[in-house]
Amino acid sequence: MSPVSFLLVDDLEENLLSLEALLRRDGLTLLKARSGDEALELLLRNDVALALVDVQMPGLNGFELAELMRGNERTRRIPIIFVTAGSADSLRRFRGYEAGAVDFIYKPIEPDILRSKAEVFFDLYRQRQQIAVQRDELQAQAEALKDADKRKDEFLATLAHELRNPLAPLRQGIDILRRSPDGAGAADIRDMMDRQLVHLVRLIDDLLDVSRVSQGKIELRKDRIAAADVVRAAVEGSRPLIDAAGHSLTIDMPTSPIWLEADLTRLAQILGNLLNNAAKYTPAGGRIGLSVNADGDTAVIAVTDDGIGIPAEMQSKVFQLFAQVDHHLDRAHGGLGIGLALVKQLVTLHGGTVEVESAGTGQGSTFTVRVPRAAEPERKPDAEVAPPPPSSRSLKILVVDDNVEVAEIAGLMLEEIGHTYQLVHDGRRALETAKAFQPDAILLDIGLPGMDGYAVCRMLRQDDAFKRTPIIAQTGWGQDRDKMQSSAAGFDHHLVKPVTLRDLERLLANLGPH
């Protein structure tokens, strides 16, 4: 807080020096005036907590100065203590109080009395300062809450819009296939439904990732990787969206490999989000560029486009959670306003930075990611023994899930890839069925009522018949701590719902006999 100011008014310099000596303390500024006119000038330039005014002054006396102060909105509330050597008759005191005085001090001044009274007004002013600070803080918090509430409402409206986009063709596709499952357009409808489902899963994954990063629950799995591998993974995921819009993609890579100490999946997610944004916010047939360069100890990855651009006032806000460029909300692929926030969070976890440049609306954009480079890894000798080919035998699979429809569709998927199965919908029943069915593998949900999947897995592992049976978690819990907990309970693998047929087939194909 700023220092507290007292105004000392006396026509005699020695009296001002005496008052200054008595009142001097930390946090207090003493303003001195030798006339009423000089005092008025100081009052116009300074906020004053107390005025100590001599009554008998040539020209503008103390009472007249006080009356002028009371007539001005800026100074009317400043407490005034008159300092006088005159008599203490009631008429004189009445005039002083009428002029606005709060007290009188008589000469010769008692130092302790003066300091005690001054301390009261010093503390009062400090309290007013604290209240003003608290008021400003509360006002700022209220504005922030108001802004957050507005952004929340916009986000929820956008979320509903973005979820309905993929849900509508899924619903309509199901209706068409139910009427004509083998019609001429059935294959195209299934492809469309698959794309919309992938989009829906990506939206949910982004929401979960933002929450996990914000709570510090994402841990990077860093390894020595080549930037080219990151680019390859990101482009592979974004290519369908780029091609669907008829964009051209130019990739500029250095001749020498650039190595990074990074999480390949997360870095590809960063780059994929930037490529997807470029594809969505560039009119059909646009140009997208992706370049990777080395700048000293830093790898510089840039994604450019000739799309709709970003207004100058939004460029500092696009990395905020739920931020939306206003006119993007009218677009079919406006997004949730979380993709760039997630990009920034993941880049920061990698010890890097991300920034955006745009000449404005209609002028395209460039997003630049900078992350630390790493030394080239030592070459490892090629493995002399090739891995055994995947098993193609038919397996008996026990499926345990309390959601009947999820269990049934898992069974149909297993049947489609040549396996037999049996369904169970609670943990205790699973233990009984496992003994009778003797499965080759168990697909086990974690969030079961009563006895959860962790307990079921631990119980199975205590039975010699199932110590080596592959037990696979199929669950909606997919954070790193969930995977660690499932491993500790005895699970061999951890699949996060929704599980694709390809992932399930690949995993089961590599399971050997138990």
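The largest cavity here has a volume of about 40 Å³, and the structure holds one cavity of 30 Å³ or more. A cavity is a set of points on a 1 Å grid over the protein atoms alone where a 1.4 Å probe fits but cannot get out, and its volume is the space filled by probe spheres set on the points, which are joined across faces, edges and corners. Keep in mind that this is a predicted model: local features need pLDDT of at least 70, side-chain atom pairs count only at pLDDT 80 or more, and totals for chains, interfaces and linings use all residues. Residues are numbered from 1 along each chain as its sequence is written, and side-chain values use heavy atoms, with hydrogens and water left out.

**Around the cavity**
- Val230, Leu267, Ile270, Leu271, Ile301 and Val369 line the largest cavity (lining residues have an atom within 4 Å of a point).
- Helix 8 (residues 264-280) gives the most to this lining, with three residues; helices are DSSP runs of H or I with at least four residues, strands are E runs with at least two, and both are numbered from the N terminus.

- Five strands make an open, mixed sheet in the order 7-9-10-12-11; two strands pair if DSSP finds at least two bridges between them.
- Strand 7 (248-252) and strand 11 (353-357) sit at the edges, each pairing on one side only.
- Strand 10 (residues 298-305) and strand 12 (residues 365-372) run antiparallel, joined by eight bridges.
- Thr298 has Pro372 in strand 12 as its bridge partner.

Conventions: On a 1 Å grid over the protein atoms alone, a cavity is a set of points where a 1.4 Å probe fits but cannot get out, and a pocket is an open set with protein on both sides within 12 Å along at least five of seven lines; lining residues have an atom within 4 Å of a point.
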